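Subject: Structure handover

Hello,

I am passing this structure on to you. Please open it and keep it beside this message while you read.

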Amino acid sequence: MPLLGLLPRRAWAALLSQLLRPPCASCTGAVRCQSQVAEAVLTSQLKAHQEKPNFVIKIPKGTRDLSPQHMVVREKILDLVISCFKRHGAKGMDTPAFELKETLTEKYGEDSGLMYDLKDQGGELLSLRYDLTVPFARYLAMNKVKKMKRYHVGKVWRRESPSIVQGRYREFCQCDFDIAGQFDPMIPDAECLKIICEILSGLQLGDFLIKVNDRRIVDGMFAACGVPESKFRAICSSIDKLDKMAWKDVRHEMVAKKGLAPEVADRIGDYVQCHGGVSLVEQMFQDPRLSQNKQALEGLEDLKLLFEYLTLFGIAEKISFDLSLARGLDYYTGVIYEAVLLQTPTQAGEEPLNVGSVAAGGRYDGLVGMFDPKGHKVPCVGLSIGVERIFYIVEQRMKTKGEKVRTTETQVFVATPQKNFLQERLKLITELWDAGIKAEMLYKNNPKLLTQLHYCESTGIPLVVIIGEQELKEGIIKIRSVASREEVAIKRENLVAEIQKRLSES
């Protein structure tokens, strides 16, 4: 067995002890099943690894731990995003973190090489999900759903080189909103752009712009410029890098690495530098090359209609028709869009944060049909919010301003100035919990009052209820404001009502 040769000598004892144990139920005699031997080998290798003297505790590259302070900020961002999705009528859903590998392959073009493949487990080849769109399309086809408006928040994984300073990770969270179903042109698409505007405005990240194009215009441009159809997706992937690379570098990649004729690349260069509003759409109708391409004309017609709806939504000034936008994923079929920040919340004199796009999406009318045995299509359009990049920006802004984050939502602390009052504190805190009030106490029989008050100040708890011998004798409770240090005495039976009143006023 080749695996055995990989074991260090010190692991042999552990391996032998594994192999000498009784055989599993499916084995007979002295013959061991393959799974038991494999398990013994893996266990021995792990033990040998753990015995290394220089073992460093760390997290995998491209991942991060989120502290309680981070989670408070992240939850506020997610709450705003999800509330916007719900305001537009979306239903929540979830899919498995991994899919059959064949479900995900050939859906992402050149990016397919970034998928995380899992080893064969139980006879199935699996991959961690790369995005939330393909699993959604699989769900629609598998359950024969023809119409649905949904949102999905979940982690995805991409085996790319992480850039922590740009909020790029190998494991990250996506927030998706999608509209599936046959509807009149550009109405759902316009709503998706409206949602992006609402979310980015609500997060107060600074000024932003949403670039819009159409894959039919992109393909029509390629055809009009002389790109062979077999190279459409490869050249599209190169154009998609224009937000990260200069045109000369993208041109070099298309010519030197992908075999495109230099004169064809130059024709493309004339187009990808064009951007503007609805006037540019009208201008492209008159373009001698694009006006001769049926696909491009269909895309331009839809963009013209889209701008009419965007004007009615009051967001047309936030939208730019940008011929350099390509969106490299293979499944897009129509309108595509990408939101970028024009300025980030940095102090004067600092370099602006370059985090790339913070939201993106588009129309993918053919993806569901790829999973349907009969090829039945369900038109879809959707968007994805780049939570990690937004989180990075908000995090940097808070550091700049020196903002502190409160990590708990505790409203009331139950304290005592005397010994042997644990039972009374437990009765009090139970009364508060049962009334739906967020309350805490120290897990000590006889804590010092000063220690209890310092805890409230350090954690930002606004109110303290105090019970001692005098209060118990008189049937009262003292309520202390942590900020002002003022104390008032109230009747014990009025405690919950008084606290609820104070909390509603704060």
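Start with the hairpin of S3 and S4. Two residues lie between its strands, and glycine 122 there has a positive phi near 70°. Bear in mind throughout that this is a predicted model.

The strands themselves come next. S3 covers residues 117–121, and S4 covers residues 124–128. They run antiparallel and are joined by three bridges. Look across the pair from leucine 118: leucine 126 in S4 stands opposite.

Now go to the helices. How do H7 and H12 pack? H7 spans residues 215–225, and H12 spans residues 294–312. Their angle is about 145°, and their axes are 7 Å apart. The crossing of H7 and H12 is left-handed.

Which residues meet there? H7 brings Arg216, Ile217, Asp219 and Gly220. From H12 come Gln295, Ala296, Glu298, Gly299, Leu300, Asp302 and Leu303. Sorted by class, the contact of H7 with H12 has four nonpolar, three polar and four charged residues.

Two single residues deserve a stop. Tyrosine 392 sits in helix H13, residues 387–401. Is tyrosine 392 buried or exposed? Its relative accessible area is 12%, so tyrosine 392 falls under the 20% cut-off and is buried. Then check its distance to arginine 168. In sequence, tyrosine 392 and arginine 168 are 224 residues apart. In space, they are 9.3 Å apart, C-alpha to C-alpha.

The second stop is glutamate 424. You will find glutamate 424 in helix H14, which runs over residues 422–434. Glutamate 424 counts as buried because its relative accessibility is 16%, under the 20% limit. What does glutamate 424 touch? Leaving out residues up to four places away in sequence, the contacts are Ile467, Leu472 and Arg492.

Last, the cysteines. How many disulfides does the structure hold? The count is zero. Cysteine 225 has a relative accessible area of 0%, so cysteine 225 is buried. Cysteine 236 is at 1% relative accessibility and also counts as buried.

That is the tour. Move on to the left-handed crossing of H7 and H12. Then visit tyrosine 392 in H13 and glutamate 424 in H14.

Best wishes

Note on methods
Residues are numbered from 1 along each chain as its sequence is written. This is a predicted model: local features need pLDDT of at least 70, side-chain atom pairs count only at pLDDT 80 or more; totals for chains, interfaces and linings use all residues. Side-chain values use heavy atoms; hydrogens and water are left out. Two strands pair if DSSP finds at least two bridges between them. Helices (H or I, at least four residues) and strands (E, at least two) are DSSP runs, numbered from the N terminus. Axes are lines fitted to C-alpha atoms, for helices over the stretch in contact, and angles run from 0 to 180 degrees between N-to-C directions. A crossing is left-handed if the near helix is turned anticlockwise from the far one by less than a right angle, and right-handed if clockwise. Contact means heavy atoms within 4.5 Å. Ala, Val, Leu, Ile, Met, Phe, Trp, Tyr, Cys and Pro count as nonpolar, Asp, Glu, Lys and Arg as charged, and the others, Gly among them, as polar. Buried means under 20% relative accessible area, exposed over 50%, partly exposed in between (1.4 Å probe, protein chains only). A disulfide is a pair of cysteine sulfur atoms within 2.5 Å.
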